[in-house]
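Colleague: I have a fold to go through before I set up a calculation. Can you walk me through the side chains?

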Amino acid sequence: GGPGVHLCEVRLPSDALEYDNHFFLTLSVQEKEEVLIVSDATDQQRSGAYYLKTALNPFENEAGSLLPRIISSGDLSSARLAGVQKMFFIQVNRLSAEACDAVGQFLFHGGGLIYFLDGPADAENLDALEKITGPKSMPLRLARRNVATNVTAGAQQIVRGDFKSRYLHLFQGDTRQDLALLEFYDYYQAGATGAGGVLLEYGDESPAMASLHYGLGTMLLLNFSAGEFSSNLARQRIFPAWMQDLVKAIS
């Protein structure tokens, strides 16, 4: 059926305990699911947030099931995150203590955060969030950030991955070659801490994607950008499908 509250009746085959063979429950079906895109990029029409918003709902008049909304990191608060279950960080500035607390509560109560590590203060932000998620809980330690002006070895590509992960199932089989087409010019040289899980890895052994579980929620760390000058990710046909799939998988 359509959106709204639905009454569901469940019947199971008869067994020795009749009491649990028949029951009712209600299901609330949303018409559209709001997904927050937190970004402090100044040029919204050419930023990674713009491409991400288009990828999440590429249909005319926002006809898709996802409803992406761009806000700044200064607008992050517990009140703004009420009712939101999925959120992206892309090109964010340094987070305030209030914003970090709101993100911690968001994750602990079952929220999903997909964090593109392409901002000027991501190392500080991860340190601040780790004070909330617990000591030595962050799967990555960020070092120097390589940008297009000082990368001498050319674009980085992904060489290894945990393709059994539900976040990467789009790249199983023949579609693995779509991942090989991706080139990244801006990324952090980083080291894995052993906490969480590393899902993708660059040729220089820097983690390209990692996951962290806190409470009932999950945070995915993407050590790359969707910006047009930082990678060719937004120009690939797999980009919208992958972003939409991540929103579903991070539930």
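Predicted model: local features only at pLDDT ≥ 70, side-chain atom pairs only at ≥ 80, totals over all residues.

Colleague: How many disulfides does the structure hold?

Modeller: A disulfide is a covalent bond between the sulfur atoms of two cysteines. Cysteine 8 is partly exposed at 26% relative accessibility, and cysteine 100 is buried at 4%. The number of disulfides in the structure is zero.

Colleague: How many salt bridges does a search of the whole structure find?

Modeller: Side chains of opposite charge can pair when their charged atoms come close. Among the pairs here are glutamate 33 with lysine 86 and glutamate 34 with arginine 80. The search of the whole structure gives a total of five.

Colleague: Glutamate 33 and lysine 86 meet in a salt bridge. How many residues apart are they?

Modeller: The N to O distance in this pair is 3.2 Å. Glutamate 33 sits in strand E3, residues 33-38, and lysine 86 in strand E5, residues 86-89. The pair links distant parts of the chain, and the separation is 53 residues.

Colleague: Is lysine 86 buried or exposed?

Modeller: Buried means under 20% relative accessible area. Lysine 86 has 7%, so the class is buried.
That places lysine 86 among the residues counted as buried.

Colleague: Which helix holds the partner of glutamate 34?

Modeller: Glutamate 34 forms a salt bridge with arginine 80, at 3.0 Å from N to O. Glutamate 34 lies in strand E3, so the pair ties together parts that are 46 residues apart in sequence. Both ends are partly exposed: glutamate 34 at 27%, arginine 80 at 26%. Arginine 80 belongs to residues 78-81, helix H2.

Colleague: Glutamate 130 and arginine 141 also meet in a salt bridge. Which of the two is buried?

Modeller: Their N to O distance is 3.0 Å. Glutamate 130 is in helix H4 and arginine 141 in strand E7, 11 residues apart. Arginine 141 is partly exposed, at 36%. With a relative accessible area of 9%, the buried residue is glutamate 130.

Colleague: Which tryptophan does methionine 209 touch?

Modeller: Residues up to four places away in sequence are not counted. The contacts of methionine 209 include Tyr167, Val198, Leu221 and Leu246.

Colleague: Lysine 136 has a positive phi. What is the value?

Modeller: Most residues other than glycine have a negative phi. Lysine 136 sits in the loop between H4 and E7, and is exposed at 71%. Although lysine 136 is not a glycine, its phi is about 60°.

Colleague: And what is the phi of glutamate 205?

Modeller: Glutamate 205 is in the loop between E10 and E11. Its relative accessibility is 56%, so it counts as exposed. The phi of glutamate 205 is positive, near 75°.

Notes: Residues numbered from 1 in each chain as written. Heavy atoms only, no water. Disulfide = S-S within 2.5 Å. Buried < 20%, exposed > 50% of the residue type's maximum accessible area, 1.4 Å probe, protein only. Salt bridge = Lys/Arg side-chain N within 4 Å of Asp/Glu carboxyl O. Helix = DSSP H or I, 4+ residues; strand = E, 2+ residues; numbered from the N terminus. Contact = heavy atoms within 4.5 Å.
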